[in-house]
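Visitor: I would like to learn how to read the features of a fold, taking each general idea before its case. Could we work through one together?

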Amino acid sequence: MSIAGRQKIKKTAWIKKYIFLLMLFPALLLYSIFILYPFFNSIYISLFKWSGVGPITDFVGLDNYIKWLTEPPYSTMFYRALGHNVIVFIINVIFSVFFGMFVAFLLSQKIKGSNFYKTIFFMPHTFSLAVVAFLWGLLLNPQWGIVNNLLKSIGLGKFALPWLGNEHTALLIIILIGLWHSLGFPILVFLSAIIGIPQSVIEAAIVDGANTRTIFSKVVMPLLIPPMLTIAVLTFIGSFGTFELIFLLEGAEAGPFYSTDVLGTLFYRTAFGGMGSTASGMGLGAALATIMVLLIIPFSILSVWFQTKKNVEY
């Protein structure tokens, strides 16, 4: 075979080997335009004092970051909002991972009406957050809401509270509303994983005399570690991205008295002003957004590494 023929074969083999890069290009282009460019542009903006209008010229370096981390009142607002995000995550991860897994295990049993309960649990997840906020805003209305009227009708009127207007209950109620909306997804993920467990493993445990509790704790749970980690990571990211429900139920000020303020609402007020009518501190807002990303990335990388390690072990 001639040298030209060998070179042509080599070139064809190279094209076949790396043709997948060409297939990835459209997705990479979209990812670069809508994810990478905005991210690096926000880092650039965070180094300036900029109102969002006019040229970006007032370079301040890391001053915006220093303000959020060390200088009151910015640091006070930041750590208060961060604390609320941590509370949201802790409650969400407990219910999403452990309660969601337990419910999924019960639903995986061949019991009467299990399909009905699957529908009941997953149906709220199909609603938009705007609908969820409107619905629960009506139910929790302190004057004529069903919740307070029900409590009064059964003699528990002392527990009829302005749930969303009380700084001690507002955040917890919003977290529970969010769980009601989203719990169907982790249940579905765990249910799929449980169904995928070989039936022979469970039957062997039953033959050995294991009851339902033992089967769940000793057989099912260890095999569900990969989906547990996945749900935990998604819950962490979702908890630090909490915004819509609080904005819809409590407004941009995250009332009452900032008791429901999270990093998302703090960013909104900082970057776009109280109700979004005027820009106020785009540089500060970009710095806060960057800090939020830097909080999420290490946890995500660690979780992916741990999950990969567990998959190799299994």
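Visitor: Among contacts in the protein between residues at least 6 apart in sequence, what percentage join residues at least 24 apart?

Guide: Contact means heavy atoms within 4.5 Å. Here 64% of the contacts between residues at least 6 apart in sequence join residues at least 24 apart. Keep in mind that this is a predicted model, in which local features need pLDDT of at least 70 and side-chain atom pairs count only at pLDDT 80 or more, while totals for chains, interfaces and linings use all residues. Residues are numbered from 1 along each chain as its sequence is written, and side-chain values use heavy atoms, with hydrogens and water left out.

Visitor: How many helices and strands does the secondary structure come to?

Guide: Helices (H or I, at least four residues) and strands (E, at least two) are DSSP runs, numbered from the N terminus. The protein has 14 helices and 0 strands. Its radius of gyration, taken over C-alpha atoms, is 25 Å, well over the 20 Å that the globule rule (2.2 Å times the number of residues to the power 0.38) gives for 314 residues, so the protein is more spread out than a compact globule. Along the principal axes, the C-alpha atoms fill a box of roughly 95 × 75 × 30 Å.

Visitor: At what angle do helix H3 and helix H8 pack?

Guide: Axes are lines fitted to C-alpha atoms, for helices over the stretch in contact, and angles run from 0 to 180 degrees between N-to-C directions. Helix H3 (residues 74-108) and helix H8 (residues 184-195) pack at about 50°, with their axes 8 Å apart. Angles under 35 degrees count as roughly parallel, over 145 as roughly antiparallel, 65 to 115 as roughly perpendicular and the rest as oblique, and H3 and H8 are therefore oblique to each other.

Visitor: Which residues make the contact of H3 with H8?

Guide: Among them are Val 97, Met 101 and Phe 105 of H3, together with Ile 187, Phe 190 and Ile 194 of H8. For the classes, Ala, Val, Leu, Ile, Met, Phe, Trp, Tyr, Cys and Pro count as nonpolar, Asp, Glu, Lys and Arg as charged, and the others, Gly among them, as polar; the contact residues divide into 11 nonpolar, 3 polar and no charged.

Visitor: Is Phe 236 buried or exposed?

Guide: Buried means under 20% relative accessible area, exposed over 50%, and partly exposed in between (1.4 Å probe, protein chains only). Phe 236, which is placed in helix H11 (residues 225-240), is buried at 9%. Leaving aside residues up to four places away in sequence, Phe 236 touches Phe 89, Leu 295, Ile 296 and Phe 299. Phe 236 and Val 93 are 143 residues apart in sequence, yet 7.6 Å apart in space, C-alpha to C-alpha.
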